[in-house]
Structure formats: structure tokens, C-alpha cells
Amino acid sequence: MMDFLNAIVALLNFVVIPGAAYGAQLALGALGVTLVYGILRFSNFAHGDTMAFGTAATILVTWLMTSLGISFGPLPTALLALPFGIAITALLVLGTDRVVYRFYRRVKAAPVVLVMVSMGVMFVMNGITRFVIGVDEINFADGARFVIGAREFRQMTGLDEGLAIRSTQVITLVVAVIAVALLFWFLNRTRTGKSMRAFSDNEDLALLSGINPERVVAVTWIIVAALATTAGVLYGLDKSFKAFTYFQLLLPIFASAVVGGLGNPLGAIAGGFVIAFSEVTVTYAWKKVATYVLPESLAPEGLLQLMGTDYKFAVSFAILVIVLLFKPTGIFKGKSI
Amino acid sequence: MSVNWRNIGLFAVVALLFVITGAMQSWTLSLTILNMGLVSAIMALGVNMQWGYAGLFNIGIMGFVALGGLAAVLVSMPPEPDAWAAGGVRIVLGLAVGAASLVAAVLVWSRMPKGRLRGVVLVAVLIAGFVLYSQVFDPAVQAVERTNPAAAGYLGGLGLPILLAWPAGGLLAAGAAWAIGKTALGLRSDYLAIATLGISEIIIAMMKNEDWLARGVKNVTGLPRPVPYEVDLQQTPGFIAWASDWGFDLATASSVVVKLCYAGLFLVVLLALIWLVETAWRSPWGRMMRAIRDNEVSAEAMGKDVTRRHLQIFILGSAVCGIAGAMMTTLDGQLTPSSYQPLRFTFLIWVMVIVGGSGNNWGSVLGGMLIWWLWIMVEPMGQFLFQNLTAWLPEGSFLKDHLKDAAAHMRLLTMGLILLLVLRFSPRGLIPEK
């Protein structure tokens with residue numbers, strides 16, 4: 001019985017909690033991608049770098065705040081800086097739309113041209129981020145480290161296996177829930193949100209009923225900036241900030257959006273968790289859990305790790321390929337094949 | 001055919017850039033840039049086949065280039081008999097088991113009647129296959145990686161001349177392209193982009209981690225060369241006499257000659273490829289491809305199999321990238337998986353294609369040479385610029401140090417701006433399609 005509890009704790013500690021936090025980060029990222037896809041109708045390859053820029057902006061504000069002596073008690077100061085980071089990112093994205101994307105909307109360019117343009121934007125944003133904050137790894141999480149430490153937990157319960165819950169993981173989940181709730185409230189309850197959904201479902205009909213497309217697009221970009229910055233800051237708090245890793249997040253984020261069905265916000269959330277949990281379970285060494293659960297005679301020799309952690313891209317990619325092969329519209333019906 | 005003075009002028013301008021670099025800085029530098037420019041031009045040619053001819057958006061160029069580099073190692077390095085004895089056969093066996101279980105899974109899927117049973121059997125076959133595969137494969141890999149890890153720790157190559165690696169690199173890349181094209185082509189265009197992005201990251205991860213294959217991040221160095229070594233030239237009496245006749249410095253002369261040899265080889269490949277592609281383009285096949293690109297629906301109505309043709313040209317273009325990758329690794333003389341960065345090997349190539357003129361092979365060549373030259377030169381130019389801009393700032397001030405560091409990141413910004421400006425104001429590029 002004790003062994004079984006130990007196994008569950010180990011599972012929670014190494015798979016469920018990290019997977020949930022990572023899933024929430026991916027879900028927020030994928031929501032941004034899916035919104036751009038639904039409203040502006042192209043895959044935004046600059047999204048990873050928007051996240052990086054948003055995080056960089058938030059870090060700068062955080063530094064400013066700490067130097068002024070402002071802190072957020074046990075919570076990381078970055079959360080206090082987040083609204084400012086979002087505002088700066090929103091300005092950048094709106095500026096990008098005005099200078100770059102608007103022209104292609106006017107001439108009704110093919111989606112693939114817009115994808116390529118977003119690649120150019122990606123280059124520039126990546127350059128700006130490096131320009132502003134450099135390429136070094138930055139750790140900007142302050143405040144309390146753990147909600148429950150492994151040792152405390154062991155003392156509390158008398159189990160062999162410790163359970164450590166980092167505060168950043170809890171913060172990630174709480175903030176993600178709030179952000180998603182706000183987004184869905186906005187999309188389903190407000191007039192602007194409804195016009196956005198109408199625009200996404202049927203552009204012509206939406207235009208006919210007097211919806212101002214430029215306004216819809218602007219609001220979309222602001223929401224996307226907010227989502228991207230939040231996702232980036234949460235990821236950075238949980239791990240650490242490095243401009244290049246955000247570019248690499250692009251693949252799992254796209255995989256999440258496609259798996260859930262591009263253009264479908266609910267799907268993006270589900271997709272984020274599917275991808276995150278598959279990544280964690282496939283790259284986790286199951287030896288510990290198996291030793292607890294299985295009888296001694298069956299105890300495994302190897303690590304029981306299906307794949308090395310370096311192959312985590314391969315997991316998102318494999319899921320992506322399976323979905324593309326068998327259900328190109330995603331789990332929840334997305335927009336297109 | 002009338003002589004197009006504008007295009008000749010553009011090429012002359014690029015040639016002038018290289019001459020100026022040679023005269024102002026050094027001819028070795030100029031030739032180094034030229035050689036990599038030629039390789040980049042071939043990569044751009046491959047991408048142009050996919051994008052310009054078929055409208056396929058491939059952002060996994062890095063992966064195909066890296067596969068070419070892998071081919072260079074696998075073909076040209078001498079085999080490691082100890083490693084083969086330790087577990088070479090077993091590795092091959094393990095891979096065969098893995099492949100066989102995949103084939104079995106596909107057969108189960110296609111042959112068995114639809115239903116729950118099929119799903120259960122499929123999962124069972126996959127799990128059994130995976131367990132069997134890791135039982136055979138993992139110990140062998142450990143054994144191989146343990147043999148002489150400081151110098152080898154991998155299976156080595158075939159020990160063949162490295163020039164054979166160029167077509168081999170093309171074949172390897174073509175194989176990967178076939179697998180990826182089979183899944184993602186026929187769906188909407190963005191999906192191919194995402195899928196290629198994924199495969200390229202996986203190929204790099206594989207090359208970094210599978211030490212038994214090409215030593216992973218420990219790198220393979222000292223690849224054999226298709227051209228003479230500088231040191232040997234410097235000891236050849238004929239060469240010494242020739243150099244002193246012309247009054248050249250021996251060291252410089254030898255390195256310039258070696259680089260010229262490479263340039264000659266690359267030029268031959270480049271011109272051969274252009275000739276092939278241009279001939280194909282003027283053939284009925286080329287007309288069909290244009291028809292498909294310009295209007296898929298009507299081409300389909302004419303009975304053309306659009307997805308198959310797309311697959312065909314996707315494979316061909318990727319193979320060209322693979323060839324270029326093998327050539328690049330040959331030029332470097334080493335394979336360093338950690339040096340493959342998507343910004344450098346995927347997106348920069350795209351900038352070359354777009355700037356040069358999509359759909360025009362000579363445009364790709366021009367774009368490749370020009371953008372590569374810029375990529376190299378932007379950094380010193382940026383540093384020069386910042387030095388002058390910040391000259392009035394006090395020495396050691398925060399802003400000055402920050403701006404000096406930032407100069408190193410000018411490349412990305414410049415390339416992004418060039419791409420955006422060309423796409424916006426001159427989407428047909430420097431040498432537009434005819």
C-alpha cells in the first residue's frame with residue numbers, strides 16, 4: 001500500500017505537475033497561434049519570438065521595479081510587471097500590423113505569402129529581442145521558491161517519496177486559468193468578442209453586417225500579445241529565459257494548435273495538454289514508479305525511458321504527423337484540411 | 001535570345017563586391033566567402049525549385065543540409081573495425097527490427113478489417129516491436145560508443161572518396177523528403193511548413209545524440225579532401241617554383257589555390273544543376289509544373305496528379321539541398337551538429353531565394369552570393385557603424401557597452417528587414433521570373 005502511494009507521489013512529482021504546468025504554457029501559446037489563424041488566416045511563425053519579446057519586455061520592467069524596491073511579496077515581481085510587458089508587446093505587434101501585415105490584407109495576398117512575411121517579422125523580432133536583452137540565459141523568478149518542499153512533504157506524510165511543488169508551477173496554472181477564463185468570457189459575452197467570432201466564421205457575412213475588420217484585427221493582435229507575453233513569462237519563470245528556446249517552442253505550440261484543430265480556441269487548450277503530457281511521459285524514466293508498483297522479481301533493469309529528453313521535439317512531431325495522417329482537422333473540428 | 005544587360009550588370013555588381021573584398025581585405029577571405037556563397041547558391045536553387053516552381057513552403061532546409069553533411073561522414077571516413085566488431089552488426093540488426101515492426105504496423109493498418117481488433121493489434125505490434133528493438137539496439141550502441149571514445153566511438157564510414165558523398169547526400173535528403181512529403185503534401189500549405197520545421201529539428205537532435213552514427217556533439221573532424229592540402233603544395237617543388245616566378249607569398253598562394261580548386265568543383269556542380277533544371281523547366285514536364293503552380297484546380301481537371309507532382313519536386317529540391325549540405329561539410333572538413341542553426345540554414349536561404357527572385361534559377365544564384373556576402377559583411381559593418389555612432393559617448397558607459405554588444409545582433413535585424421522590404425516593394429526579386 002505504502003509502495004503504491006509512493007508510486008503515485010512520484011508520478012505526481014515528475015509527470016503530472018510538470019506536465020500540467022508545461023501544458024498550460026503551451027495552451028496559452030497555442031491560443032495565440034490559433035486566434036491569428038482564425039481571424040487573420042495565416043500561421044504566424046513570429047509567435048515564438050513575440051513570446052520572447054514580451055518576456056524580455058517584462059524582464060526589463062521587473063528589473064526596473066526591483067531597482068525601485070517594489071516587490072510582490074512571496075510572488076515573483078514579474079507578475080506585477082506583466083501588464084506593462086503586455087502593453088509594450090501590444091504596441092509592437094500593433095505597429096507590426098500597421099507597417100507590415102495591413103498591406104497584405106489590402107491586396108488579399110495568399111496565406112502562404114503571409115506566412116513568409118511572418119518569417120521576416122520573426123527575424124526582425126528576434127533581432128530586436130537580442131538587441132534589447134542579449135542572448136544570455138536570464139533567471140528572473142524571485143519570491144518564494146516552493147509551495148511544498150520535498151523534505152517537508154516527506155516529514156508530513158512519512159512517505160519515502162517527496163513531493164515538491166514549485167510556486168512557479170502553481171502560479172502558471174492559476175494565471176493560465178484566469179487568462180483562459182477571461183478570453184472565453186470576452187469571446188462569448190462581449191460585443192467585440194462576438195464580432196471576432198463572427199469574423200472568424202464567415203468573413204463576408206461579418207463584413208456585410210457592418211463589423212469593422214480593422215477593429216477586429218487590432219483587438220485580435222492585442223489579445224494575441226497578451227496571451228503570448230503571459231505564456232512567455234510563465235515559461236520563463238518556470239524554467240528560465242533564453243531568446244533561442246522560445247523559437248524552439250514554436251514546434252510544440254504549432255503541434256498543439258494543429259492537434260486541437262487550428263482556429264479552435266478550445267482545441268488549442270486541449271492540444272497543449274495532449275502535447276505536454278505526451279512529451280513528459282515519453283521522456284520520463286519510469287524506473288522509479290515501476291520499482292514501487294511491480295513486485296521485486298519484475299523490477300526493471302533499465303531506466304524504462306522510451307526516449308531521451310533531447311528527443312522531445314520528436315514527440316510533438318510524431319503526434320502532429322499522426323493527427324495530419326488520420327484527422328487533419330484536429331481533435332476538435334478546426335478550420336481547414 | 002537577347003542579351004539581358006540588366007542581369008549581367010547585377011552579376012557584375014556582385015562580382016565587384018568580391019573583388020573589392022579581395023583587394024581591400026584579403027583574397028583568402030574573399031574566396032572563403034565565395035565558396036560558401038556558391039554552396040548557398042545551390043541550396044537556394046533547391047529551395048527555388050520547391051517554392052518558385054511548385055509553391056511549396058519548406059522551412060526544414062537545415063535538416064536536409066545536415067543530412068548531406070552526415071552523408072559526407074558516412075561515405076568518406078575510414079571504417080572503425082573495432083567498433084564494428086563491438087556491435088556494428090547488432091546495430092544494423094536493431095535498425096532492421098525497428099523498420100520491420102513499422103512495416104508490420106503499416107501492414108496491419110492497411111490489411112486488417114476496420115474495428116477495435118485492428119487498433120489493439122496495431123498497438124501490440126508497435127509495443128512488441130519497440131521492446132525488441134531496444135533489446136537489440138541499446139546494448140550494441142553502448143558497446144560501440146565505449147570503443148575508443150576519445151578518437152572514435154562510432155562506426156566510421158565507408159572510406160570512399162568524398163566526392164561520392166555529394167550524390168549520397170542528395171539521396172539521403174531525398175529519402176527524408178519522401179517520408180515528410182507523403183504525410184504533409186496534399187494538406188494545406190502551412191502544414192508542410194510546420195512538418196518540415198519539425199523534421200529538421202529532429203534530424204539535428206538525432207545527429208547530436210546518436211554518437212554511434214557520427215560522434216554527436218563530439219564532432220567528426222579531419223574529413224578527407226577532394227583537393228590537395230596547403231602543406232603538401234608548399235612542399236611541391238613545381239608549386240614553389242611557380243609561386244616564386246609570379247612573386248607570390250607561398251602560404252597565401254597555396255591557400256588561394258586550394259580555395260580556387262574548391263570553387264571550381266562547386267562551380268561545376270552549380271552549372272550542371274542549373275543546366276539540368278533549366279532543361280527540365282523548358283520541357284513538357286516544366287510546362288506541367290507551371291500549370292499546376294498557377295492553377296491547381298484546372299491542372300487537376302486536365303488529369304494531372306497534383307499531389308504526386310508536388311511530391312516529386314519536393315524530393316528533387318530537397319535532394320539538391322542535401323547535395324549542397326554534403327559539399328559544405330566537405331569544404332569545412334568537419335561535421336559539427338551543434339553549428340546547424342535554423343536562422344542560418346533555413347531562413348537565410350529563404351532570404352536568398354526571395355531577394356534573388358523566386359522562380360528564376362539565376363536569381364537564386366545571384367541572391368545566394370549577394371546575401372551570403374552581406375551576411376558575412378554586415379557584422380563588421382555594424383561594428384564600424386556603432387563605433388562611429390558611439391564615439392561621442394564616454395568610454396565605459398553602460399549605453400556604449402550595450403550598443404557595442406548589440407552590434408553582433410545586427411545580422412538578424414538586417415536580414416529580416418531586407419526580406420520584408422523585398423516582399424513588400426519588389427516581391428518578384430532582383431531577377432524576376434520570365
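Reply: Let's take the labels one by one. This is a predicted model, where local features need pLDDT of at least 70 and side-chain atom pairs count only at pLDDT 80 or more, while totals for chains, interfaces and linings use all residues. Residues are numbered from 1 along each chain as its sequence is written, and chains are lettered from A and ligands numbered from 1 in the order in which they are written.

Me: Why is His310(B) called buried?

Reply: A residue is buried if 20 or more other C-beta atoms lie within 10 Å of its own, exposed if 12 or fewer, and partly exposed in between, with C-beta atoms placed from the backbone. His310(B) has 22 such neighbours, so buried it is. You'll find His310(B) in α14(B), residues 306–332; helices (H or I, at least four residues) and strands (E, at least two) are DSSP runs, numbered from the N terminus.

Me: What does His310(B) touch?

Reply: Leaving out residues up to four places away in sequence, His310(B) touches Ala54(B), Leu56(B) and Leu185(B). Contact means that the C-beta atoms of two residues, placed from the backbone, lie within 7 Å.

Me: Is Asn148(B) buried or partly exposed?

Reply: Partly exposed, because 14 C-beta neighbours inside 10 Å put Asn148(B) in that class. Asn148(B) sits in the loop between α5(B) and α6(B), and its phi is near 50 degrees, a positive value in a residue other than glycine.

Me: Why are α2(A) and α4(A) called roughly parallel?

Reply: Their axes come within 9 Å and cross at roughly 20 degrees. Angles under 35 degrees count as roughly parallel, over 145 as roughly antiparallel, 65 to 115 as roughly perpendicular and the rest as oblique, so α2(A) and α4(A) get the parallel label. Axes here are lines fitted to C-alpha atoms, for helices over the stretch in contact, and angles run from 0 to 180 degrees between N-to-C directions.

Me: Which residues meet where α2(A) and α4(A) touch?

Reply: From α2(A) they include Phe53(A) and Leu60(A), and from α4(A) they include Met122(A) and Val132(A). By class, this contact has ten nonpolar, three polar and one charged residues. Ala, Val, Leu, Ile, Met, Phe, Trp, Tyr, Cys and Pro count as nonpolar, Asp, Glu, Lys and Arg as charged, and the others, Gly among them, as polar.

Me: How do you know that the span of α2(A) agrees with its residue count?

Reply: The expected span is 1.5 Å times one less than the number of residues. For the 22 residues of α2(A) that gives 32 Å, and its end C-alpha atoms are 32 Å apart, so the two agree. The 21 residues of α7(B) should span 30 Å, and the ends are 31 Å apart, which agrees too.

Me: What makes α7(B) mostly covered?

Reply: Of its 21 residues, 17 are buried.

Me: How many residues link the two chains?

Reply: 34 residues of chain B are in contact with 34 residues of chain A. On the chain B side, α7(B) gives the most, with 14 residues.
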